[in-house]
Amino acid sequence: MLTDQHRAIAALFDEVERGDGTVRREAFERLVRLLAVHETAEEQLVHPLARVTLRSGRAVIDERLAEEHTAKRTLAALEKLGPASPEFSAVLARLRDEVLEHARNEETHEFARLREQVPAVELRALVPLVRAAEAAAPTHPHAGVESATRNALVGPLLSLFDRTKDLAGKAIGKESRT
């Protein structure tokens, strides 16, 4: 499921890069949301499992969390710029490199090793938990909230804030188009 989301993220980067105007903005909004909920679920469920299951799991996960922190900071800066900004394409390219490298590292150093060491039935049992975590996750990046503990403590509040902001933005956007 998570590797499929990595492919969807790569496809959304392509869509944002190729698009313009409203198409680009809407694709970027979908990309931001997918990145935010995807990372939250990994931080809450997958990384803690890998940390305690894998040999050198702590080091592997610390590296992934550092990558996530860097990407969240870049994504937050990109959100502030907005798709119409002249700097958007350059920062988007940097984000794409960071995110796709992070995804390759997860798939190689974390997911593949988890598949080797954790029975498939246990990994499949995580799928509904990952979906539930994504459903309740913040919809925007929050650098500094990369651990399971921080996600548990502040994630619900950030999710409420993000979802309220998203609804307000949609309402304002709809009103300004009429």
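## Ground rules

Helices (H or I, at least four residues) and strands (E, at least two) are DSSP runs, numbered from the N terminus. This is a predicted model, in which local features need pLDDT of at least 70 and side-chain atom pairs count only at pLDDT 80 or more, while totals for chains, interfaces and linings use all residues. Residues are numbered from 1 along each chain as its sequence is written, and side-chain values use heavy atoms, with hydrogens and water left out.

## Overall fold

The chain has six helices and zero strands. Along the sequence the pattern reads α-α-α-α-α-α. Of the 178 residues in the chain, 42% are buried. Buried means under 20% relative accessible area, exposed means over 50%, and partly exposed lies in between (1.4 Å probe, protein chains only).

Contact means heavy atoms within 4.5 Å. Among the contacts in the chain with a separation of 6 or more, 74% join residues 24 or more positions apart.

## Helix 3 and its ends

Helix 3 spans residues 57-81, 25 residues in total. From its first C-alpha to its last it reaches 36 Å, close to the 36 Å expected at 1.5 Å a residue. The expected span is 1.5 Å times one less than the number of residues in the helix. Its buried residues are Gly57, Val60, Ile61, Arg64, Leu65, Glu67, Glu68, Ala71, Lys72, Thr74, Leu75 and Leu78. Helix 2 (21-53) and helix 4 (88-117) are included in what covers the buried residues of helix 3.

Serine 56 sits in the loop between helix 2 and helix 3. Serine 56 has a positive phi of about 60 degrees, although it is not a glycine. Most residues other than glycine have a negative phi. Serine 56 counts as partly exposed because its relative accessibility is 49%. After helix 3 comes glycine 82, whose phi is also positive, near 85 degrees.

## Leucine 31 in helix 2

Leucine 31 belongs to helix 2. It counts as buried because its relative accessibility is 0%. Leaving out residues up to four places away in sequence, leucine 31 touches Ile9, Leu12, Phe13, Val16 and Leu92. Leucine 75, one of the buried residues of helix 3, is 44 residues from leucine 31 along the chain, and their C-alpha atoms are separated by 9.9 Å.

## Loop residues

Glycine 19 lies in the loop between helix 1 and helix 2. At 13% relative accessibility, glycine 19 is buried. Proline 83 has its place in the loop between helix 3 and helix 4. Glycine 19 and proline 83 are 64 residues apart in sequence, yet 9.8 Å apart in space, C-alpha to C-alpha. Not counting residues up to four places away in sequence, proline 83 touches Arg24, Arg25, Phe28 and Phe88.

Serine 85 is also in the loop between helix 3 and helix 4. Serine 85 is buried, since its relative accessible area is 15%. The serine 85 side chain makes a polar contact with the side chain of glutamate 87, at 2.7 Å. A polar contact is a pair of N or O atoms within 3.5 Å; within protein, one must be able to donate a hydrogen and the other to accept it, and residues adjacent in sequence count only if both atoms are side-chain atoms.

## The second largest pocket

A pocket is found on a 1 Å grid over the protein atoms alone, as an open set of points where a 1.4 Å probe fits, with protein on both sides within 12 Å along at least five of seven lines; lining residues have an atom within 4 Å of a point. The second largest pocket has a volume of about 310 Å³. A volume is the space filled by probe spheres set on the points, which are joined across faces, edges and corners.

The lining of this pocket has 13 residues, of which Met1, Leu2, Phe111, Arg115 and Leu123 lie nearest the centre. Helix 1 (2-18), helix 2, helix 4 and helix 5 (120-136) each supply at least two lining residues. Helix 5 gives the most, with five. By class, the lining has ten nonpolar, one polar and two charged residues. Ala, Val, Leu, Ile, Met, Phe, Trp, Tyr, Cys and Pro count as nonpolar, Asp, Glu, Lys and Arg as charged, and the others, Gly among them, as polar.
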